[in-house]
Amino acid sequence: MNRVRTKRSLRHQIRSRDRIIVMPGVFDALSARIAQHVGFDAMFQTGYGSSASLLGMADFGFLIAGEIVDNARRVIRAVDLPVIVDAHKGDGNPLSVWRPVGDLESTGAAGIS
């Protein structure tokens with residue numbers, strides 16, 4: 001799948017519609033495939049859902065940046081739709097935010113929240 005094309009398709013969807021784009025929250029590759037199968041045009045990888053799925057606990061900030069990026073990589077590879085990723089607070093100062101943002105960009109994230 002061409003990751004650049006995926007990013008542009010979300011931008012195109014936003015600009016070319018007169019309606020809201022509904023994006024379900026997904027938390028793993030299976031939930032992402034289900035969202036794609038039922039017909040959504042884009043999706044959002046939730047921080048709470050990822051924490052609950054990976055750690056079995058609420059989103060209290062225990063997921064580290066690498067875990068978020070790894071989960072995003074699995075989600076993005078599983079579907080042919082744009083995925084926006086909840087990157088939490090970025091894990092610290094501007095320099096520590098720089099790396100996960102770059103990792104998410106290279107993974108093919110269509111956006112980062």
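A: Gladly, and one term comes first: buried means under 20% relative accessible area, exposed means over 50%, and partly exposed lies in between, using a 1.4 Å probe and protein chains only. This is a predicted model, in which local features need pLDDT of at least 70 and side-chain atom pairs count only at pLDDT 80 or more, while totals for chains, interfaces and linings use all residues. Residues are numbered from 1 along each chain as its sequence is written, and side-chain values use heavy atoms, with hydrogens and water left out.

By that cut-off S50 is buried, because its relative accessible area is 3%. S50 sits in helix α3, residues 47-55; helices (H or I, at least four residues) and strands (E, at least two) are DSSP runs, numbered from the N terminus. In α3, the residues G47, G49 and S51 are buried along with S50. The buried residues of α3 pack against β2 (43-45) and α4.

Now for the partners of S50. Leaving aside residues up to four places away in sequence, S50 touches F27, Q45, L55, L63 and N71, where contact means heavy atoms within 4.5 Å. With N71 there is also a side-chain polar contact of 3.1 Å. A polar contact is a pair of N or O atoms within 3.5 Å; within protein, one must be able to donate a hydrogen and the other to accept it, and residues adjacent in sequence count only if both atoms are side-chain atoms.

The ends of the helix deserve a look too. After α3 comes G56, with a positive phi near 70 degrees.

Stepping back, the protein has five helices and four strands, arranged along the sequence as α-β-α-β-α-α-β-α-β. Of its 113 residues, 35% count as buried. Among contacts with a separation of 6 or more, 62% join residues 24 or more positions apart.

The axes of α2 (residues 29-37) and α4 (residues 65-78) come within 8 Å and cross at roughly 30 degrees; axes are lines fitted to C-alpha atoms, for helices over the stretch in contact, and angles run from 0 to 180 degrees between N-to-C directions. On the α2 side the contact is made by A29, A32 and R33, and on the α4 side by R74, V75 and A78.
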